[in-house]
Amino acid sequence: MVKRVALTAIATATFTLSLQAERISGAGASFPAPLYYDWAYDYHKATGKEVNYQSIGSGGGIKQVGSRIVDFGASDKPLKPKKLDKKRLYQFPAVIGSIVVVYNIPGIGDAELRLENKDIADIFMGKIRYWDDKAIAQDNPHLKLPHEKITVIHRSDGSGTTFNFSYFLSNVSEDWRNEIGVGKALSWPTGIGAKGNEGISNLLKQTPYSIGYVEYAYKKRNSFSAATIQTKNGKWVKPAEENFIAAAKYASWDPNKHFYQILALQPGDNSYPIVAATFILLPREKNETNKKVTAFFDWAFKNGDESAQRLGYIPLPQSTKDMIRAYWKKHNIDPSN
Amino acid sequence: MRGRKAINALVLTLSTVSAVIGLIFLFWILWTLASKGFDAISSKIFIYDTAPPGREESGLRNAIVGQLILVGVASGIGIPLGILAGTYLSEYGKNSKFANFIRDISDIMMSAPSIVIGAFVYAVLVAPVGHFNGWAGSAALAIMMIPIVLRTTDDMLNLVPTQLREAAYALGAPKYKVILQIVYRGAKAGIITGVLLSIARIAGETAPLLFTSFNNNFFTTDLNEAMPSLTVTMFNFATSPYEDWIDLGWAAAFILGSFVLGVNIIGRAIVKKKKG
Amino acid sequence: MHKVVDKGFEALAKLSAFFVLIVLAAIFWVLFKEAEPAIETFGLEFLTNQKWAPNLEIFGGAPAIFGSIVSTFLAMIIATPIAIGIAIFLTEIAFEKLKTPIGTAIEMLAAIPSIIYGMWGLFYFAPLMREWFGGNGLGLLTAAIVLSIMILPFMAAITRDSMNTTPHILKESAYALGATKWDVIKDVVIPYAKAGIIGSIILALGRAIGETMAVTFVMGNVHRIPKELTDPATSIPVTLANEFTEADSDLYYSSLFYLALILFVISFIVIAIAKFYFLKKSRSAK
């Protein structure tokens, strides 16, 4: 009986093999995952084509496209041209997002808490351990800070969000640069680990007096409170969409470098300091599947800006999209080809 | 004498209390599963596939079908292999060194960490093939299943009286016929139960699927593709921050738990009926 | 004709039996091959090095190994007395009418997928732990307790089976001599079933140390050796579940296989001890 069921299952599986929709698979960054899910869902509705995106972290995106296990990888850590040549990958940006420092302190609302950039580093290094520490209190005279231990929540997987966040911290704190450094996965001196932006959000919700860092879409969707932090020049800046856009304006893309660019700490009085583009990685030898992938992103560039804005991302400007389309053409992977 | 009585009473109380504590925790978990799962179950779950958080048309259809296929194919590989191997041990190998060695090895395999099997299958069936695929997931589950089926088959065939075999030999039947027609018939109930329990066991495994069949947001029956499963979906959804996903995670847990328990109950009922 | 089929069937059956051996050998070989670069780079220092910093290409397995061993050990300390208590309850104390239903219920609970224990741990048990012990609710102790609850039914069921092997006649004669229930348990059941009980416990240990899903939700996922029981930690299966799909450098990938190999060897040894040392008797009895 069981065998018969199993055999039927196999038979069905082989039978339906021929009735398949066009299908591509991607994996990687959790930073843009809410948007890619949305795009893929709407793309499927519109065209019947399936894009299976799995959020496993940027490290996973780089690894799995590098090993050619998925059709495209996604990473918010851009790879340098040399590395791309070595791994035989193409790279282009898909959307811009922002990393916000989120906290769960009962009684303290969104953007109310001000954190100096170097204090953020100290908190995530475990040097500032209580919420009413002098360093925090002096910037927040109007808040009643609780004498509670800070629970740091960081990523346990290889993460582009962590890369950009640690890049930022390394530039604002010498201690951080010397003791922790920059990377997708770090040796954290304190806190608990969670998988993905999703995991951090899940734990932050459940853990009072905790602090974490997530892409803005996760903050927006879960109505977290995020800290007001400092621009490159030390001015207070709220974690607000207009300030992300102000920073994103400074982006300058170079297709010859495969768009390699880190957007953190841009100049300007309103520029939120931790803004990052998220990138798509394609295997150079897979021309045919690459065209299917670029077709998806071409569609998303045309039809997906509204989704992006609704979720809290910053769509790429038209000029950048045109630049990316030219890049596809140059490498013979544009969808119309 | 009094001391003895007192110790007796104390020990009996402690045992009863520990039993009660243990049972309370276990039923607490079962209750959570039932109430959370029941709340989250709706017909939508069987109609729609997994969708981005916040969408109306969101369900678990792809994960349920994927799970059935993965477990079905694993059973298709694991059951015949397990039964054949068990038959060899009981009917041919008997107490030979080789047979006992295989018995020992399958005991070890039975308790091997499932995540390590996942890593092994990734190295053998995912990396060389070039994409996550359902076959790899099924293979990982089959590897876990074979030793269980092997050992129960071995044990059950051993229970078949020798006289039955001898009577059949006396009639001039060849060995394979004796095995297929006499021995298997005698051990049928036991083997079916063992097989059912092994299906229940692998159906609840998550770790071997994480790196093999991976996950898929779409409905698929193609084993060459990444394939969704209830367990991996539960893992992803339960660790997400989205209420609707977490609810779906509980619904998946409820469906899976009911399936596993249901198969277990059927398996036990078969043995009982046979005994009675 | 019959002869050919006969031989063919035997060969097929033998091949299937061989398959188990081949798979086990293949697992060992593949784990070793994939782990080789890390073994060559770090050698045995891997076992004691506490630093796990993928951005610096430094990989030390000590926190994960420590977490695996300590969480399992704690889980055993918690689960063993309770499991033995349940087993005694089921064999000696409960009314006849209760024995079967409760016994069956426990066996059924042993079949519940471990991921469900993990989900329960995250959503229901971790907040309680936070209230009781402070800290953040996720950590070594929480993982150990969830693990102990997960293995409890399995352990209780097989311990009960071992105790049930005690011949009735022995127990009856002891009772006839005026022994209390505790006397019978202490002087008849436990001595008779000792090897089986210990074997069952070690078997449960083998299952606990390889468990992934029940603990990955609640352990805290950090590569640090915890200073306190409530601190977050990691274990080998948890590390694999979190990091396996994304180890983008060769050494990182290889180090994860090194951990997998260590786990496989540990569980191999544990099970071998349980099976060949303590459970020999029960097998030959079959």
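**View 1. The largest cavity holds about 190 Å³ of space.** Of the 20 residues lining this cavity, those closest to its centre are A:Leu186, A:Trp188, C:Trp52, C:Asn221 and C:His223. Keep in mind as you explore that this is a predicted model. Strand S5 (151-155) of chain A and helix H9 (236-243) of chain C each provide at least two lining residues, and H9(C) gives the most, with four. By residue class, the lining comprises eight nonpolar, eight polar and four charged residues. In total, the structure contains six cavities of 30 Å³ or more.

**View 2. The second largest cavity has a volume of about 150 Å³.** Its lining counts 15 residues, and A:Lys195, B:Thr239, C:Thr216, C:Phe217 and C:Asn221 sit closest to the centre. From chain A, strand S6 (192-194) and helix H9 (196-206) each contribute at least two residues to the lining; H9(A) gives the most, with three. Here the lining splits into six nonpolar, eight polar and one charged.

**View 3. Chain C meets chain B through 82 residues of chain C and 83 of chain B.** About 7,300 Å² is buried between the two chains, with carbon and sulfur atoms giving 81% of that area.

**View 4. A salt bridge joins the side chains of B:Arg268 and C:Glu107.** The N to O distance is 2.4 Å, and the count of salt bridges between chain C and chain B is two. Seven residue pairs are in polar contact between these chains, both residues being at pLDDT 80 or more. On the side of chain C that touches chain B, helix H1 (residues 2-42) gives the most, with 21 residues. That side of chain C divides into 59 nonpolar, twelve polar and eleven charged residues.

Terms used: Residues numbered from 1 in each chain as written. Chains lettered and ligands numbered in written order. Predicted model: local features only at pLDDT ≥ 70, side-chain atom pairs only at ≥ 80, totals over all residues. Heavy atoms only, no water. Contact = heavy atoms within 4.5 Å. Buried area = accessible area lost by both parts, 1.4 Å probe. Salt bridge = Lys/Arg side-chain N within 4 Å of Asp/Glu carboxyl O. Polar contact = N/O pair within 3.5 Å; in protein donor to acceptor, adjacent residues only side chain to side chain. Nonpolar A, V, L, I, M, F, W, Y, C, P; charged D, E, K, R; others polar. 1 Å grid on protein atoms, 1.4 Å probe; cavity = no way out; pocket = protein on both sides within 12 Å on 5 of 7 lines; lining within 4 Å. Points joined across faces, edges and corners; volume = space filled by probe spheres on them.
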